[in-house]
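Hi everyone, thanks for coming. Let me put the structure up on the screen, and then I'll walk you through it.

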Amino acid sequence: MSSRAHADRSTAPLQSPSQTVPGWLLAAVPLVLLQPLLTHIATHVARSRPELFARLGPHTDKLFLIDPIDLPFVLLLRPNAARPYLQARRRFERPRHDATIAGTFLNLVNMIDGSLDGDALFFSRDLRVGGDTEAVVALRNALDDFEGSAFDAIVSAFGPLSAPLRLVVSSLRGMRKRKRHE
Amino acid sequence: MNNGGYTRPQLVCPAGTPAALRTAVEAGADAVYCGLQNATNARNFPGLNFTPAELEAAIAYAHARAAKVLLAVNTFPRAGQFALWREAVDLGARLGIDALIVADLGVADYAARTYPALRLHLSVQAGASSPEAIRFYCEEFGVKRVVLPRILTVAEIADIHRQIPCEIETFVFGNHGLMAEGRCSLSAYATGLSTNMDGACSPAADVHYEEDAARNLTTKLGPFVIDRFACNENAGYPTICKGRYLTDARNEAYYAFEEPVTLNLAGLLPDLMRAGVTALKVEGRQRSRAYVRAVVSAFRKAVDDILAGGEASLASLLALTEGQRETEGAYRSKTWR
Amino acid sequence: MGDRAVELTLGPVLFNWPADQWRDFYFRIADEAPVTTVYLGEVICSKRAPLFASHYEEVVERLSARGKTVVFSMLSEVALNLDRKLVDSVCASEDHLIEANDASALPRLQGRPHHIGPFMNVYNERSVAVLARGGAQNFCLPVEMPARTIRALCAGTPDLDATFEVLVFGRMPLALSARCYHARAHGRTKDTCQFVCEKDPDGLELRTLNGQPFLAVNGIQTLSYDFLNLIDRLQELQEIGVSRFRLSPHGCDMVRVATTFRGVLDGTLTAAQAAAALTGLNLPGPFSNGFYNGKPCPAGAILAHVKDAES
């Protein structure tokens with residue numbers, strides 16, 4: 001066989017809880033408190049970056065279940081520019097959806113941000129995709145064309161809180177990098 | 001300048017979105033290829049490709065940075081629908097693309113007769129794998145460059161180079177389709193959408209991932225199971241030519257065509273450059289900016305190192321490869337066949 | 001449309017049959033099969049071509065003596081020097097019509113009447129015009145072209161002085177590769193194959209991991225598991241503008257297949273009678289109507305009328 005196998009490089013199973021997520025995120029945040037913030041993010045992104053939605057074509061009315069597996073909640077997203085919808089739900093609620101994207105919080109952030117390749121995460125089993133694959137591919141491609149950083153656009157929705165949030169994420173990335181090099 | 005004894009090859013890089021195009025140019029691409037948001041190109045995927053306005057802006061961006069933009073109009077029009085391909089050619093010519101990548105005889109004929117000054121590249125989808133076939137396209141349509149199918153050894157490429165009147169472009173990295181390009185109806189057989197006519201192999205709408213509680217992943221295309229991965233096994237796209245099957249000639253399921261692997265010819269770059277290859281092509285218009293940045297930067301550095309007379313020190317691209325495995329495919333040895 | 005003589009043709013044998021059996025097959029076709037044109041030649045693997053070389057002369061003689069037109073089909077994939085030499089040597093003969101299956105043959109055929117085979121990508125009016133300009137006078141269309149596209153192509157080429165041919169019987173050719181999958185299945189490579197493809201006269205079947213029959217491997221070629229059978233669409237195809245119908249040879253009784261198709265074309269058999277006549281051929285896969293309606297049915301979906309005839 002001419003190909004060089006590297007089967008031993010596979011990563012840890014998806015379920016193993018990440019050790020890099022700080023306690024305050026894992027704590028049972030009352031979702032009621034989170035919701036105004038999420039609604040604010042959704043409307044802010046829809047208003048400031050409408051071009052994101054053009055690429056989605058017929059998929060703007062699909063419901064995406066985004067599952068940051070190391071957080072105590074999942075997100076339901078309908079990327080519709082006119083009626084943006086982003087809601088946090090408890091995982092056990094199993095809300096109705098068209099497609100699922102699941103991965104660690106940091107992997108999801110890095111993918112949205114354009115610093116990690118979604119296909120590579122899928123190949124290494126660090127990203128799980130289910131349901132309407134076409135909708136997932138459309139969303140992935142739309143996010144990937146986001147001018148600058150999609151994550152920055154989200155973070156900027158936090159106004160005065162943007163700076164501390166950026167700090168948290170960059171320290172998360174730092175921890176992940178150190179962990180990799182151990 | 002002796003360039004280490006080599007002629008400087010062009011690095012031709014993929015862009016599925018304007019952001020990816022800018023990323024490729026920043027990472028050192030000499031030329032970027034892209035397509036429109038319809039069946040006229042072979043990566044007709046949801047959310048991908050360029051609107052006419054985006055293409056116009058992309059050309060301006062690239063040209064301002066001395067990079068070329070190639071437009072892939074490299075599918076085969078269905079009878080009765082030629083107008084869509086004609087419009088794509090017209091648009092490319094009007095916006096000042098640097099070359100048109102074509103596969104269909106009719107599209108090549110239209111472009112050559114309507115825009116004789118427009119540079120034509122023969123797409124890998126045309127499957128021109130012999131000097132005779134390539135010469136036919138050169139003589140009929142004035143093709144200036146052929147993108148060779150991924151079925152030849154480097155020695156065979158060098159041999160072809162001596163016998164044709166046009167430039168050669170070869171793939172150096174990316175998805176490694178096993179079937180002769182432009183001559184595969186497997187995906188069409190499973191989905192009803194033709195790779196040749198509709199521009200998508202394994203269209204996402206027909207792809208299904210099913211994962212059980214133990215994280216065993218079953219990948220399906222249309223009604224067919226293409227592969228199944230244990231929880232600790234790296235996965236691949238559900239493309240038929242990279243699936244696992246059962247047959248009476250074997251006791252166990254096996255990759256009947258090829259394992260999920262990615263082509264990586266980094267180790268063969270000096271040989272390819274010696275073989276007379278004008279342009280080195282990276283596959284992956286369907287991949288992300290992160291992929292484009294990593295692959296283009298690595299190959300830019302490798303080519304520059306070789307030209308400077310050094311060794312190509314290659315940053316590992318393995319993490320970006322399918323199944324996290326790479327291959328030199330047909331290029332190094334005939335035993336691949 | 002529809003005013004041309006309707007012809008039944010026999011495509012090239014795609015599989016590696018024992019040479020004597022291959023010769024006897026063509027002798028019987030010459031003597032008994034109601035086909036007007038027989039396509040002859042190795043289209044899959046240049047390594048196989050010498051196996052049949054000694055029989056060509058007698059086969060061509062017998063076919064011609066029985067009034068069949070012989071057309072030499074060229075290799076479908078031409079890359080190696082061996083492939084190129086084969087194409088060159090066949091094209092050098094001016095005695096017979098040649099069917100090109102790859103652009104490699106085209107420079108040798110320009111300005112001389114020739115056929116275009118189903119392995120060439122001819123999907124639209126302008127491609128047909130380009131090739132007709134060079135002397136092409138018959139086009140056997142790619143197997144993945146659905147009826148609606150064939151209709152558009154025929155309608156869009158009204159002044160064409162050439163004929164359209166469509167595959168109507170046999171496993172559907174789906175893909176070509178440089179790699180030999182027969183050799184691979186047996187742990188060998190193309191160079192060390194020892195002609196292991198001879199084990200499978202209709203191809204080596206591949207099943208999915210859940211046991212669903214899917215494909216058939218024939219050297220570097222991949223075919224469908226199911227057998228295309230458009231016997232109930234011949235009338236419709238004629239109305240569209242197709243005048244030649246191709247049968248692809250298999251290990252079954254091809255004389256019976258040809259006689260049945262001819263019967264339907266002549267109006268001496270109804271579709272139901274024909275379907276009944278085609279059951280019991282002992283094919284290693286079910287019938288299907290392939291890409292006719294665009295999306296193929298999964299293998300295992302048997303044409304309704306065939307099922308009826310069986311029950």
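Let me begin with a term: when I say domain, the bounds come from an automatic or database domain assignment. For chain B, that assignment gives domain 1 as 3-180 + 261-336 and domain 2 as 201-255. Taken over C-alpha atoms, the centres of these two domains of chain B are separated by 29 Å.

A quick word on conventions. This is a predicted model, where local features need pLDDT of at least 70 and side-chain atom pairs count only at pLDDT 80 or more, while totals for chains, interfaces and linings use all residues. Residues are numbered from 1 along each chain as its sequence is written, and chains are lettered from A and ligands numbered from 1 in the order in which they are written.

So what does chain B hold? Ten helices and 16 strands, where helices (H or I, at least four residues) and strands (E, at least two) are DSSP runs numbered from the N terminus. Its radius of gyration is 20 Å, close to the 20 Å that the globule rule gives for 337 residues, so chain B is as compact as a globular protein of that length. That radius is taken over C-alpha atoms, and the rule is 2.2 Å times the number of residues to the power 0.38. Along its principal axes, the C-alpha trace of chain B spans about 55 × 55 × 40 Å.

Now for the partner, chain C. How many residues does each chain bring to the contact? Chain B gives 53 residues and chain C gives 54, with two residues in contact if their C-beta atoms, placed from the backbone, lie within 7 Å. On the side of chain B that touches chain C, the largest share, five residues, comes from β8(B). Several elements of chain B each supply at least two residues of that side, among them α4 (105-114), α5 (131-141) and β8 (179-184).

Stay with β8(B) for a moment, please. This strand pairs with β7 (residues 163-177) of chain C in the antiparallel sense over two bridges; pairing here requires that DSSP finds at least two bridges between the strands.

One last stop in chain C: just after α11(C), C:Gly280 takes a positive phi of about 75 degrees. Thanks, and I'm happy to take questions!
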